[in-house]
Amino acid sequence: MKNFVVKTIANAGALAVAVWLLDKITLTGDSKGKEFATLIIVALLFGLVNFLVKPFVKLLSLPLLILTLGLFTLIVNALMLLLTSWLADQLDLSFHVEGFWTAVLGGLIISVVSWALHVVLPDGD
């Protein structure tokens, strides 16, 4: 359970950095509390997408991952971020990623920040 909470906090922090750095990734709310709640829900949604969908996408794109020496992972991360944005829209959450290249850059930012936060935050071990 502790590991789940740490991963969710890391995802939320990484998403917050991406929202802060990129104008075309938006997270809005009536108040700071509502924005924070939306950020946590989107982080949970992003974690769920990465847990359920990403392994299948990586398996199907394995030849491209090998051919590009893993750089295609950036595209897979962008697709997961766009899927999260679409799902957030379906759930009436105020999180939106505008455009594919914004998703690529956002996915890169989220990956780097999430990795750094996982190094700093304690895990369940």
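Is phenylalanine 100 buried, partly exposed or exposed? At 31% relative accessibility, phenylalanine 100 counts as partly exposed, where buried means under 20% relative accessible area, exposed means over 50%, and partly exposed lies in between, with a 1.4 Å probe and protein chains only. The model is predicted, so local features need pLDDT of at least 70 and side-chain atom pairs count only at pLDDT 80 or more, whereas totals for chains, interfaces and linings use all residues. Residues are numbered from 1 along each chain as its sequence is written, and side-chain values use heavy atoms, with hydrogens and water left out.

Phenylalanine 100 also belongs to an aromatic pair. Rings of Phe, Tyr and Trp (its six-membered ring) pair if their centres lie within 6.5 Å; planes under 30 degrees apart count as stacked, over 60 as edge-to-face and the rest as tilted. By this rule the count comes to one aromatic pair. The ring centres of phenylalanine 100 and tryptophan 101 are 5.1 Å apart and the ring planes stand at 75°, so the pair is edge-to-face. Tryptophan 101 counts as exposed because its relative accessibility is 65%.

The helices and strands are named as DSSP runs numbered from the N terminus, with at least four residues (H or I) for a helix and at least two (E) for a strand. The expected span of a helix is 1.5 Å times one less than its number of residues. Helix H1, residues 2–21, has 20 residues and reaches 29 Å from its first C-alpha to its last, close to the 28 Å expected. Its buried residues are Val6, Thr8, Ala10, Asn11, Ala12, Ala14, Leu15 and Ala18. An α-helix has 3.6 residues a turn, so residues three or four places apart point the same way. The buried residues of H1 pack against strand E1 (25–27), helix H2 (32–52), helix H5 (72–90), strand E2 (95–97) and helix H6 (100–120), contact being taken as heavy atoms within 4.5 Å.

For H6, the 21 residues should span 30 Å, and the end C-alpha atoms are 30 Å apart, which agrees. In H6, the buried residues are Thr102, Ala103, Val104, Gly106, Gly107, Ile109, Ile110, Val113 and Ser114. These buried residues pack against H1, E1, H2, H5 and E2.

Helix H5 has 19 residues and reaches 27 Å from its first C-alpha to its last, close to the 27 Å expected. Buried in H5 are Phe72, Val76, Asn77, Ala78, Met80, Leu81, Thr84, Ser85 and Ala88. Serine 85 has a relative accessible area of 4% and is therefore buried. Leaving aside neighbours within four places in sequence, serine 85 is in contact with Phe95, His96 and Val97.

Phenylalanine 95 lies in strand E2 and, at 3% relative accessibility, counts as buried. Not counting residues up to four places away in sequence, phenylalanine 95 touches Leu15, Val19, Ile25, Thr26, Leu27, Val42, Leu81, Thr84, Ser85 and Ala88.

Two loop residues have positive phi values. Leucine 69, in the loop between helix H4 (62–67) and H5, has phi near 55°, a positive value in a residue other than glycine. Leucine 69 is exposed, with a relative accessible area of 77%. Aspartate 92 follows H5 and is placed in the loop between H5 and E2. Its phi is near 60°, again positive in a residue other than glycine, and at 73% relative accessibility aspartate 92 counts as exposed.

The largest pocket has a volume of about 360 Å³, taken as the space filled by probe spheres set on grid points joined across faces, edges and corners. The elements that give two or more residues to its lining are H1, H2 and H6, and the largest share, seven residues, comes from H2. Of the 15 lining residues, Lys7, Asn11, Gly47, Leu48 and Phe51 lie nearest the centre of the pocket. The lining divides into seven nonpolar, seven polar and one charged residue, where Ala, Val, Leu, Ile, Met, Phe, Trp, Tyr, Cys and Pro count as nonpolar, Asp, Glu, Lys and Arg as charged, and the others, Gly among them, as polar.

Note on methods. 1 Å grid on protein atoms, 1.4 Å probe; cavity = no way out; pocket = protein on both sides within 12 Å on 5 of 7 lines; lining within 4 Å.
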